[in-house]
Amino acid sequence: MSTTAYYIPHKATWPIIGTGGLMLTLAGFANFLNGSSIGSTMMVMGFMTFIVMLAGWFSLQATESESGMYSTQVGISYRMGMMWFIFSEIMFFAVFFGTLWYTRNLSVPWLGGLGDGPGRSSHLLWENFTAQWPTNGPGEIGGEFEPMGAWGLPLLNTLILLTSGVTCTWAHHGLLAQKRDQLIKGLIATVALGFMFVAFQAIEYHEAYTEMGLTLGSGIYGSTFFMLTGFHGFHVCVGAIILSVVLFRSWRGHFKPENHFAFEAAAWYWHFVDVVWLGLFVFVYLL
Amino acid sequence: MSAVVTEHDDHHEHDHDHGPSKGLLRWLITTNHKDIGTLYLLFALAMFFVGGAMALVIRAELFEPGLQFVQPQFFNSMTTMHALVMVFGAVMPAFVGLANWMIPMMIGAPDMALPRMNNMSFWLLVAGVLMLASTLFMEGGAPASGWTLYPPLVLQTGAALPFAIFSVHLLGISSIMGAINIIATIFNMRAPAMTLMKMPLFVWTWLITAFLLIAIMPVFAGAVTMLLTDRFFGTSFFDAAGGGDPVLYQHIFWFFGHPEVYVMILPTFGVASTIIPVFARKPLFGYSSMVYATAAIAFLSFIVWAHHMFTVGMPIAGELYFMYATMLIAIPTGVKVFNWTATMWKGSMTFETPMLFSIAFVVLFTMGGFTGLMMSVAPSDFQYHDTYFIVAHFHYTLVPASIFILMAAGYFWLPKWTGHMYDEKIGKLHFWLSAISVNILFFPQHFLGLAGMPRRIPDYAVQFADWNMVSSIGAFIFGFSQLLFLWIVVKTIKGGTGEVVTDEVWEDASKHGLEWTLPSPPPYHTFTTPPEIVPTEHF
Ligand code: HEM
Ligand SMILES: [Cu+2]
């Protein structure tokens, strides 16, 4: 493969289809939120288009890659793209971690009177509020609730995700050493652990809603809890689906020790999701 | 250093078809950086006029005290939509368009690194702007909260709210994709001889801007997502009753918002640093200090956000910190202004239209920087905040800076892109009309602000009448003068003055950049093999 000639694809139909799908999904969602009856139909149609686009685009990439159309340089572009994409995801999660930090350490204590002069302005609206965490605020939004402890399911989920990180790396070693068996087994384990995590989280959410009175509407604690764990859980789902595709491709014998960008990208993504969970475990559940 | 002769033959090693597709389809499915650059630029130009029309609605209403033409609610929708359309629909896409056209040609690359994603980032932009524009026709009207979308006010928006929020998501995804592409292109696609410190400043400034974009667009997306859940899913992020805080939104927004204004100004700096040396016939003064100053500005832009919130209530330590940190920005910015001036010093200058716009940029941007410095002083800002003084400040940094430089870029590169010369006489007329009217338009707003006229208000006390009228007159002259630019662009694309355009276009331009060694117009595919020698900034 020459390094001087760069592979430039000509004409691409998937991007415009994907754009249409995404726009339809979001417009449908917005209509749905506004209570319009066509909203959900639009959303489903848009989302299906989007899924078809993803499948089509990625299989095109896989075919091209397998037929040896990509030079080393193209591979580097893809790796850079993935790295910077993960960086953007880090910034996205940083917003919600920042929100948690700000409310716990600043806005809730301020509502409780921290930094007030003799005027005690914070008590003009809510007289008897004392700052604490967890809280649903001086208005007790959402009513009584029980906070989520760290030592039951969350701890188990931590162990599950950490193990899946190990199995993922083990699979990678298998790929590098051309041990097909190890590669496939490692990936199966990783995917299974990923979906197991999601299942346990579903159980946890169910408990929160039905037994603990803890909902998305439970003031700032409920908001930050479900927003952080919810977006993370969504990322685990996506990561597990990506890994399933990688598993399928490995099974078809796609990857070579020196060329397996899709595997690497999926693994990076998985480790990223893993690290975010550690942050969640410490800041949302433990502290 | 001399120019390189590059091959621009059209045969390739792949068995693909290489010409553009026929008809409209070409534009929908293109992956060519020049096509996509053109799409971005034309779209931005169209949005410039849409946003401009909204601005003229605002200035028409403010021509006299009292309510003349529009309802207050609609007036506020206009200020909101004007800003969002100009920022996300005009200025940012225009610079992405320039990046698409110029970066591969400047670094000796055949195309952008991720051409399919490039197509998607353009069309997602169109989708986002369409969705935003659709809110104008919805029950309850377009968002009227100002472009900052502060809660709790913005949560009172009608049916438009979720659409506005999702349009921000689409625009964010589009920008992130575009930025990733630019970074990958610059890091991975340079000709071997094009080392980092030989890159033209336009490339450098875009590299840093792309980093800013990837860091901040997800932050904005997160902020509006919380608005969405506060409104529709019962969360309390920005509601004190639930333990949240509306001020938190402001912090998050400005953590995005301040770097965002630098997203609009850093590529501006890059283009100015490209144009001024060509017409001063000297290399750029202080090339490496320009690079470091850009990086310093980008770094500082992340740690000064709360200068937009001096009056909202902050601990005194916060006020002081953000005040001093903001002042620091003036240092690297001053380095830049000094360098542009020093580049012109004792140069054999000529004053073609791109140079005129660039010189006006140096002078008028400095004005905007000075008012910024005034506002960075927290106690003084208590007087300036939310008045027309702010409006004057940021319009000086955006209109005679970013927009003027975009005009300059248009004049500078149109002959290269089209192979035709624009009409210099009309270009100069466009320049003088713009440069004079922009000052009639925005300078009086300083007086209005200092005298206490609030921003985003459809009616005002009679003592503000005179300067508002002057400002509105300037606005209409400025607005209609821009039609000259439209006319020039169309005419140049269609054949221009008929003058023969050389590869260099401008005298000795090939000393300044690789793009001037290519034919005018360049072939559909350039640099299928990397050029061996590159001109440097310091010849
Ligand atoms: C020396 C550099 C600069 C300094 C010290 C500075 C400082 C400030 C300060 C303190 C404010 C807040 C004023 C208030 O709301 O009370 C402000 C507002 C603003 N600045 Fe700057 N600025 C600088 C350069 C720029 C540049 C280069 C741009 C854009 C290209 C820009 C765009 C804006 C915008 C858009 C606002 C208003 C945002 C809003 O409230 O809607 N500034 N600036
Ligand atoms: Cu700022």
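User: What makes the shell around ligand 1 nonpolar, polar or charged, by class?
Analyst: Ala, Val, Leu, Ile, Met, Phe, Trp, Tyr, Cys and Pro count as nonpolar, Asp, Glu, Lys and Arg as charged, and the others, Gly among them, as polar. On that basis the shell has 11 nonpolar, 11 polar and one charged residues. A caution: this is a predicted model, where local features need pLDDT of at least 70 and side-chain atom pairs count only at pLDDT 80 or more, while totals for chains, interfaces and linings use all residues. Residues are numbered from 1 along each chain as its sequence is written, and chains are lettered from A and ligands numbered from 1 in the order in which they are written.

User: Which residues come nearest to ligand 1?
Analyst: A residue is near if its C-beta atom, placed from the backbone, lies within 6 Å of the molecule. Of the 23 residues around ligand 1, the nearest include His385(B) and Phe394(B).

User: How do you know which elements chain A has?
Analyst: Helices (H or I, at least four residues) and strands (E, at least two) are DSSP runs, numbered from the N terminus. Chain A has seven helices and zero strands. Over in chain B, α7 (246–280) and α12 (388–418) are among the helices that each supply at least two residues of the ligand 1 shell.

User: What share of chain A is called buried?
Analyst: Buried takes 20 or more other C-beta atoms within 10 Å of a residue's own, all placed from the backbone. Of the 287 residues in chain A, 38% are therefore called buried.

Methods: A residue is buried if 20 or more other C-beta atoms lie within 10 Å of its own, exposed if 12 or fewer, and partly exposed in between; C-beta atoms are placed from the backbone.
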